[in-house]
Structure formats: C-alpha cells, structure tokens
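Colleague: Please take one part of this model and go through it closely, step by step. I would like to follow how its pieces connect, and then hear what lies around it.

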Amino acid sequence: MADPYNVLGVKKSASEAELKKAFRDLAKKHHPDKNKDNPASEKKFKEVSAAYELLSDKEKRAAYDRGEIDENGQPRGFAPQGAHGFGGDAGHFEFGFGGAQPGGARPGGGFEDIFADLFGGLGGGRKGARQGRPQAADVRYALTVSLEDAFAGTSQRITLGGKTVDVKIPAGLEDGQQVRLRGQGQNGGDAIVTVTIAPHRIFQREGRNVRVELPVSLKEAVEGGKVNVPTPSGKIALTVPAGSNGGKTLRLKGRGWPAGGGQAAGDLLVTLKLMLPEPVPAALKEAVSGLSYDPRQGWG
C-alpha cells in the first residue's frame, strides 16, 4: 500500500476529524455496493480502509510517523512471507449484500459507526454487515380470474404493499401460471403473481381443448339443424347432424384454448345432451307409442 496519508489525501498534521471525513468520503465513493463488478473501486476501497485503520489508531499512527512501522503496519525492514499488515490483502474484507466489512482489530476511529452511517446503513463492520440496507425481496400474490379473462387476456388491478399495480394477464394463460412484476416487490424485489382460473359453469378444460355440453331437443336430434353453441369467446352456429344421439361429441377445430407455449390452439368439444320437455306432452307420448326398437341391442 502507498503512504496512508496520500491514500486518504490528507496532510500528516490532519486531525482525527479530518481523517474520519476523508475516509467517509472515499469509502462512500468506492464502496462495492455502489460499484458492482468494478475491481478498481474494490481495490481502492480496501486501500482507504487499510489506511484509515492504521492512522485512526493513535499508537500505530505514532509508530508510523516515527518510522518504526511501514504503511502495512510491519516493523521497518521486516516483512515475513505471507504477512499483509493491517488489512492489505484481498482476504481481509468480506463482500456481501451488506457491503465490505473490515477484519482484524477494530480501529480507534470506529469502523462500525462510520459504515452504519454511510448511505443510511449501507455496509459496515460486523454490525453493519448484519443490518445493512433493507434487502430486496420478492413478494407473492395469489390472483383468481375467470375462464373468459384467462382465454382472452385482460388486466387486473391489485394492491401490493399499499400500492396499486396492474397485472397483465396474457391470452391463453394456463391455470397456476406465474406473472412476474419486475421491481414491484419489497425494496426493489419482484412481485410474483400466481394466477388461478376459476371453475366455470359450463366449460371444462381438457389440456388445450375445451369441453361443453349442448342441450338439444328431440326434434333437433332427429331432424338436425343449426344450433347456437357457446364458446369462451362468444356464441357460434353449430350444425347438428340429423339422427344425432345424446352423448355424441362434435369437434370444432381451433375453437379451444388459444395457442401458446409452443402449442397450437386446442379444439372445442361439444357433447350433445338430449333433453325431453318436462312434463312430457301427450302428443309426444302418442307419437312415440308406435315406435319399437331396442336401443341396447349389442350393448353389454
């Protein structure tokens, strides 16, 4: 390390207050938490910390001024192999979220007090490293949306930590899918919103297919014809083939869950549900009284 007075930019006659102020200014400027991935600043931070550690100790400073020890705190003319004095080696500082923490003996100037004050608590000695500035943290939020909103996409407004944010729901969102809101968590962390699709009264998801039961009358089943069928995006006309039985499933290609995640759009599966009027009118009873067939022939 160079002359500690030069490192701190002070005169040899500098008072304790002047030393402390010089160290505070330089430590704040070169602190690792403000200069991430900057080896030059990290090195400078270590140098100013080591210089202040030596000069803030009255006995060490006096010994240095008398020429009894060098800038590394070693007796003049004696530097055992592997020795690094008062903090000049890379292993003398631990860098973490709370910043750098000087190791070794506590200097007279109070590293802990100085680092506790920097940036309102950014980094510091052993105490500062534990407290430090508030750590960024992700927050989690559970959101339930309707099947129609998940199908078409929408925007939902939620409250996180006392602030209101908008969550964009992409079209074709999957049940349980997570939406990440960058910077909306605690102290700059993210908000992770897990979206659940509410059960629907008539639609059921089967992978990317959507199934719906369509009630049809006896006349529609026998004669066939156009029938309006609901889909998650609105009603469309469906042709019911003449002579359709209850339970028959008609497939509408591409009318299911929207494409997404590298998968094509699903299909709409329409299962016919034969419905008789209630109560059954006498005319219908008379019309079918002459019918004679076994619907269970070949079954079971």
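Predicted model: local features only at pLDDT ≥ 70, side-chain atom pairs only at ≥ 80, totals over all residues.

**The sheet and its loops**

Modeller: A salt bridge joins the side chains of D267 and K253, with 3.7 Å from N to O. Both residues lie in the loop between β12 and β13, so the pair ties together parts that are 14 residues apart in sequence.

D267 has a relative accessible area of 8%, so D267 is buried, since buried means under 20%. K253, at 67% relative accessibility, counts as exposed, because the cut-off for exposed is over 50%.

G256 also has its place in the loop between β12 and β13. With 2% relative accessibility, G256 counts as buried. The C-alpha atom of G256 is 8.7 Å from that of R205, although 51 residues separate the two along the chain.

Now to the strands. β12 pairs with strand β13 (residues 268-275) in the antiparallel sense, over four bridges. Within this pair, L250 stands opposite V270 in β13. β12 has two faces: L250 and L252 are on the covered face, while T249 and R251 are on the uncovered one.

β12 and β13 belong to an open sheet of four strands, in the order β8-β9-β13-β12, with mixed pairing. β8 (203-206) and β12 (249-252) are the edge strands, each of them pairing on one side only. From one strand to the next, the twist averages 30°.

R208 forms one with E174, and their closest N and O atoms are 2.6 Å apart. R208 lies in the loop between β8 and β9 (209-217), and E174 in the loop between β5 (163-169) and β6 (178-181), so this pair ties together parts that are 34 residues apart in sequence. R208 counts as buried at 10% relative accessibility, whereas E174 is partly exposed, with a relative accessible area of 28%.

R211 and E206 form another salt bridge, the closest N and O atoms being 2.7 Å apart. R211 counts as partly exposed at 24% relative accessibility, and E206 counts as partly exposed at 35%. The salt bridges come to 15 in total. Among the residues involved, D138, R180, R182 and D190 are linked in a network of salt bridges.

Helix α4 (residues 58-65) is also worth a look for its faces. K60, R61, A63 and Y64 are buried in α4. Seen down the axis of α4, its buried residues fall within an arc of 165°, so they line one face of the helix. The face of α4 turned away from the buried side carries the exposed residues K58 and E59.

Last comes a piece of surface. V288, L291 and Y293 make a nonpolar surface patch of about 340 Å². Of these, Y293 is found in the segment after α9 (282-288). Y293 is exposed, with a relative accessible area of 64%.

How values were computed
Residues numbered from 1 in each chain as written. Heavy atoms only, no water. Pairing = 2+ DSSP bridges. Axes fitted to C-alpha atoms, helices over the stretch in contact; angles between N-to-C directions. Patch = residues over 30% accessible without salt bridge, like charges linked within 9 Å, V, L, I, M, F, W, Y side chains within 5 Å. Areas by Shrake-Rupley, 256 points an atom, 1.4 Å probe, with all protein chains shown as cover. Salt bridge = Lys/Arg side-chain N within 4 Å of Asp/Glu carboxyl O. Buried < 20%, exposed > 50% of the residue type's maximum accessible area, 1.4 Å probe, protein only. Arc of directions from axis to C-beta.
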